[in-house]
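Subject: Model for your files

Hello,

Here is the structure we discussed. My notes follow below it.

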Amino acid sequence: MISMEMLQDARRVLSPVINQTPVLHAPGLVPDCDFYLKADCLQKTGAFKLRGAYYKIATLSDEEKRRGVIACSAGNHAQGVGFASRDMKIPATICIPAGAPISKIQATRSYGANVVLVDGVYDDAYAEAVRLRDEQGLTFIHPFDDYRVMAGQGTIGLEILEQLPDVDVILVPIGGGGLISGLAYAVKHLKPSCQVIGVQAAGAASMVDSLEAGHILTLPSVHTIADGIQVKTPGDLTFEMCRQYVDKVVAVSENEIAGAILSVLEKQKLVAEGAGAVGIAAAMYGKVDLRGKTVCALLSGGNVDVTMLERIITRGLAKAGRTANFATVLPDQPKTLATLLNIMSDMGVNVLEVNHERGNLKAPVGSCVVHLLVETRDALHVQQIYETLRAQGYPIMER
């Protein structure tokens with residue numbers, strides 16, 4: 001079982017290896033509370049997973065190390081296992097979903113690990129890792145359902161309480177549940193009054209659904225930009241830990257995750273991957289009542305693929321009202337498009353794209369449909385634009 005002695009031992013083992021990442025004040029990011037970020041995106045390997053992987057491997061027997069290790073991961077645990085195995089000169093095989101970000105796959109290979117790409121999601125990679133473990137006699141390093149892995153991740157909780165002793169609420173991402181299990185165990189033993197709230201992506205809310213049902217559920221499918229927490233089935237051990245030590249678990253949408261990534265990038269100059277941003281999204285979009293409290297959201301990782309980041313930013317801009325995508329109908333006559341664009345210009349709108357469809361069959365005869373993508377100030381500005389256009393006879397079809 002996990003214990004405070006195990007957590008302290010994990011800290012002793014990890015101290016010369018990992019970064020003690022900062023807790024950064026983020027005023028203005030979330031209204032009506034004193035908001036902080038625990039920036040484990042600045043950890044070696046770019047995510048918290050190094051903590052649990054390194055401690056687990058460090059505590060293996062000589063025989064277990066000699067056989068070599070195997071793991072499964074969407075990317076961050078893979079890098080943690082790769083880093084630790086290279087550091088301890090242990091051969092490592094890691095099964096990764098084929099759709100994981102290329103940056104995470106390449107980073108894992110850079111540590112010298114043998115990478116096996118598996119079609120599907122994390123759960124499919126897990127099944128292949130178990131098969132290879134049994135076939136080759138390897139030592140399995142579970143990404144979350146292991147007490148020593150939990151203890152390694154729980155060192156984050158020890159750091160937060162030392163760096164921010166007045167903290168009232170800690171928001172923690174959940175995939176399989178290893179991170180929040182270790183962190184919540186530490187926090188509830190040292191400061192029981194502090195709330196520990198888990199956050200999942202709505203497209204992979206396996207722990208949310210399992211806790212509501214009172215038993216572990218397996219989702220038929222999962223899909224989210226938060227690939228690091230895209231898990232169909234919570235762990236047996238982590239489910240029980242969450243039931244005992246976690247105060248609440250909530251879910252956030254894809255657009256909310258994107259909005260959080262954009263806000264942290266703009267305001268804090270930090271890159272958050274989807275899984276790392278869900279706690280911030282929960283705070284920003286009111287999933288939990290944080291008024292008057294000192295709050296710390298764990299920014300657990302920053303390993304986002306740059307091509308995915310572009311798409312996430314696009315979605316985040318739309319969520320924040322910084323862009324608007326809509327269509328209207330104009331008479332198919334000279335100067336009507338120019339008149340529309342002049343109205344937009346007078347309202348301080350920057351037009352990014354215009355698509356003028358004369359042959360759209362949904363438009364009345366003698367009319368055309370114009371699709372516009374515009375850059376705006378905020379959601380209020382978008383509503384003002386729509387109201388002004390409707391008042392001047394332009395129907396608005398939001399996209």
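How much space lies in the second largest pocket? About 310 Å³, on a 1 Å grid over the protein atoms alone, where a pocket is an open set of points that fit a 1.4 Å probe, with protein on both sides within 12 Å along at least five of seven lines. The volume is the space filled by probe spheres set on the points. Lining residues have an atom within 4 Å of a point; of the 16 here, L317, A318, T323, A324 and N325 are the closest to the centre. Helix α13, strand β11 (323-331) and helix α15 (379-391) each supply at least two (helices are DSSP runs of H or I, at least four residues; strands are runs of E, at least two).

This is a predicted model: local features need pLDDT of at least 70, side-chain atom pairs count only at pLDDT 80 or more, and totals for chains, interfaces and linings use all residues. Residues are numbered from 1 along each chain as its sequence is written, and side-chain values use heavy atoms, without hydrogens and water.

The largest pocket has a volume of about 410 Å³. G99, A100, P101, D227 and M308 are the closest to its centre among 25 lining residues. Helix α13 (residues 306-319) gives the largest share of that lining, five residues.

Strand β10 (residues 294-299) has six of its six residues buried, meaning under 20% relative accessible area with a 1.4 Å probe, protein chains only. Strand β2 (residues 34-39) runs parallel to β10 and is joined to it by six bridges, with K38 opposite L298. β7 (residues 169-173) also pairs with β10 in the parallel sense, over three bridges (pairing takes at least two DSSP bridges). There, I170 stands opposite C296.

Regards

Terms used. Buried means under 20% relative accessible area, exposed over 50%, partly exposed in between (1.4 Å probe, protein chains only).
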